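Reader: I'd like to learn how to read a few features off a model like this one. Can we go through them one at a time?

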Amino acid sequence: ALDLPPSVLVGHSMGCRVVVEAALQAPSRTAGVILVDGSQFAAAMGPALKELFSTPTGFDTITGKWFPDMFTAKSDPAIVAAGLARAQRLSRPLGESLLCDMQRYDVTRLAASLTSLRVPVMAIQTTYSNERRERQSMQPGQTTPYLDMLRTQVPGVRIEIIPDTGHFPQIDEPAQTNARIADFLGKLDRKSTRLNSS
């Protein structure tokens, strides 16, 4: 509707899936894609989520565990509290549906969607989840199954690690995050790009 020129789409977390699909649906309007601390749910998470959501407190259990793990000691306590409160205000049916749909998308569509991208892609990664679903900060030179999958599906993907921070680098490390985005944009045709985010 705005008739924008080709744009660089920036997605964070769940929004990484949104910008990948937006780029595929509007390729002529997309100049690049930036994925900020994305992830990929494993197939085994499907049954695990269904079992957890079969209990009345399942969604609260997930938000109560996952969201505090998204922050580190350097995060602003007020932002941590606000993030958790916002997650817990989400209606249980909607929250459960979102997580189950995201897991199903990751297993059935994510890899193929990434392979179909025909624009420059950068991943800014700050965390990963270990085998116990505990979120950990990344370190320089470290890789993960998600990043390995990106390298396989998107040849030439640029991967940037911001170490020792949480899931929200745009909040905890804005200078480093913005510097990497600016450098990525600087390598594109600045006359025909515009920054949009999800």
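Reader: Let's start with Cys16: is Cys16 buried or exposed?

Author: This is a predicted model, so keep that in mind throughout. The idea is to ask what share of a residue's area is accessible, and under 20% counts as buried. Cys16 has 5% relative accessibility, so Cys16 is buried.

Reader: And how many disulfides does a search of the whole structure find?

Author: A disulfide is a covalent bond between the sulfur atoms of two cysteines. Here the search of the whole structure turns up zero. For Cys16, the nearest cysteine sulfur belongs to Cys100, and that one is 20 Å away.

Reader: Let's move to helices. At what angle do the axes of α2 and α5 cross?

Author: You take the two axes and look at the angle between their directions, and over 145 degrees counts as roughly antiparallel. Helix α2 (residues 45-53) and helix α5 (residues 92-116) have axes that come within 9 Å and cross at roughly 165°. The pair is therefore roughly antiparallel. As for handedness, α2 passes α5 in a left-handed crossing.

Reader: Which residues make that contact?

Author: On the α2 side you have Met45, Gly46, Leu49 and Phe53, and on the α5 side Arg92, Glu96, Leu99, Cys100 and Gln103. Sorted by class, that gives five nonpolar, two polar and two charged residues.

Reader: Last one: where is Gly95, and what does Gly95 touch?

Author: Gly95 is in helix α5, and at 2% relative accessibility Gly95 counts as buried. Leaving out residues up to four places away in sequence, Gly95 touches Phe59 and Leu90. Gly95 and Asp37 are 58 residues apart along the chain, and their C-alpha atoms are separated by 20 Å.

Note on methods:
Residues are numbered from 1 along each chain as its sequence is written. This is a predicted model: local features need pLDDT of at least 70, side-chain atom pairs count only at pLDDT 80 or more; totals for chains, interfaces and linings use all residues. Side-chain values use heavy atoms; hydrogens and water are left out. Axes are lines fitted to C-alpha atoms, for helices over the stretch in contact, and angles run from 0 to 180 degrees between N-to-C directions. Helices (H or I, at least four residues) and strands (E, at least two) are DSSP runs, numbered from the N terminus. Angles under 35 degrees count as roughly parallel, over 145 as roughly antiparallel, 65 to 115 as roughly perpendicular and the rest as oblique. A crossing is left-handed if the near helix is turned anticlockwise from the far one by less than a right angle, and right-handed if clockwise. Contact means heavy atoms within 4.5 Å. Ala, Val, Leu, Ile, Met, Phe, Trp, Tyr, Cys and Pro count as nonpolar, Asp, Glu, Lys and Arg as charged, and the others, Gly among them, as polar. A disulfide is a pair of cysteine sulfur atoms within 2.5 Å. Buried means under 20% relative accessible area, exposed over 50%, partly exposed in between (1.4 Å probe, protein chains only).
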